[in-house]
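Please keep the sequence and the structure in view while reading.

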Amino acid sequence: MGITWSMAKRLGLLWVIAVLVLVLTAHGLRPEYLPIEALTAGVWAALLGLGAFVASRLARWGHAKSAAVLLCVAALVACDVAVVVDSALIYDGAGYWTLNDGVGLPYAYAPLWYPAALLPWSSTILGVDQASITAGDLEWQAEHIVPVAMVLTIASAIFVASVARALFGSRQTSPALRPGRASS
């Protein structure tokens, strides 16, 4: 229970910070975006927390490598889903913005919005060109997706590092092999 409670506290703190930074970086502290970004960060935190919980169980059962991989995959999936939720809420839910020429969000490419935001210099992501991923509206990607993707990626990295340290960093080396001790 100790590691789970510790993870929940870390994730809760990162959630609060992420909400505030998301509103600041993506929307200039406009209060109408606070509920949207709270929900976006909530989705991210729930998915990341679930992944961390399962990873902690795997680590306790002796599957440390699988736990580490799962933790990283959970972070990527959590960011990806949160980016989609954020855009869906802002564009389709609240109707604050529309894409160029009023086209709808390209939900067919939704799983690619996050990696495309992190790799904007690439002309294609998994064989799909940026124009298709963004429905030809690169401003949408730059102003809405990139800030959310960057904030959640950094928050995920901080969380994964702290959980990984808690899960795997407590292993002690043999007293005979510790630095400063001569082995015979």
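Apart from its neighbours within four places in sequence, Ser-56 is in contact with Met-7 and Leu-167, where contact means heavy atoms within 4.5 Å. The model is predicted, so that local features need pLDDT of at least 70 and side-chain atom pairs count only at pLDDT 80 or more, while totals for chains, interfaces and linings use all residues. Residues are numbered from 1 along each chain as its sequence is written, and side-chain values use heavy atoms, with hydrogens and water left out.

Ser-56 belongs to helix H2; helices (H or I, at least four residues) and strands (E, at least two) are DSSP runs numbered from the N terminus. With a relative accessible area of 0%, Ser-56 is buried. Buried means under 20% relative accessible area, exposed over 50%, and partly exposed in between, for a 1.4 Å probe and protein chains only.

The protein chain as a whole contains six helices and two strands. Read from the N terminus, its elements follow the order α-α-α-α-β-β-α-α. Of the 184 residues in the protein chain, 38% are buried. Among contacts with a separation of 6 or more, 68% are between residues 24 or more positions apart.

The largest nonpolar core has 48 residues, and those with the most contacts inside it are Trp-44, Trp-113, Leu-152 and Phe-159. A nonpolar core is a set of buried Ala, Val, Leu, Ile, Met, Phe, Trp, Tyr and Cys residues joined through side-chain atoms within 4.5 Å. At least two residues of this core come from each of helix H1 (2–27), helix H2 (34–60), helix H3 (64–93), helix H4 (113–118) and helix H6 (138–168). The most is given by H6, with 11 residues.

Leu-152 shows which parts of the chain meet here. Its contacts, leaving aside neighbours within four places in sequence, are Ala-18, Leu-22, Thr-40, Trp-44, Cys-79 and Ala-82.

The axes of H2 and H3 come within 8 Å and cross at roughly 165°; axes are lines fitted to C-alpha atoms, for helices over the stretch in contact, and angles run from 0 to 180 degrees between N-to-C directions. Because of this angle, H2 is roughly antiparallel to H3. Angles under 35 degrees count as roughly parallel, over 145 as roughly antiparallel, 65 to 115 as roughly perpendicular and the rest as oblique. H2 passes H3 in a right-handed crossing, a term used if the near helix is turned clockwise from the far one by less than a right angle, with anticlockwise giving left-handed. The contact of H2 with H3 comprises 24 nonpolar, three polar and two charged residues. Here Ala, Val, Leu, Ile, Met, Phe, Trp, Tyr, Cys and Pro count as nonpolar, Asp, Glu, Lys and Arg as charged, and the others, Gly among them, as polar.

How do H2 and H6 run, roughly parallel or roughly antiparallel? Their axes come within 11 Å and cross at roughly 25°, which means that H2 is roughly parallel to H6. The crossing of H2 past H6 is right-handed. Residues making this contact include Thr-40, Trp-44 and Ser-56 of H2 together with Leu-152, Phe-159 and Leu-167 of H6. By class, the contact of H2 with H6 has 11 nonpolar, three polar and one charged residues.

H3 and H6 pack at about 155°, with their axes 9 Å apart, so H3 is roughly antiparallel to H6. Their crossing is right-handed. This contact of H3 with H6 divides into 20 nonpolar, four polar and one charged residues.

Val-163 lies in helix H6 and is buried, its relative accessible area being 0%. Beyond its neighbours within four places in sequence, Val-163 is in contact with Met-7, Arg-10 and Leu-71. Val-163 and Arg-10 are 153 residues apart along the chain, yet 8.8 Å separates their C-alpha atoms.

Two loop residues complete the account. Asp-101, in the loop between H3 and H4, has phi near 60°, a positive value in a residue other than glycine, and counts as exposed at 80% relative accessibility. Leu-126, in the loop between strand E1 (124–125) and strand E2 (128–129), has a positive phi near 55° and is exposed, with a relative accessible area of 77%.
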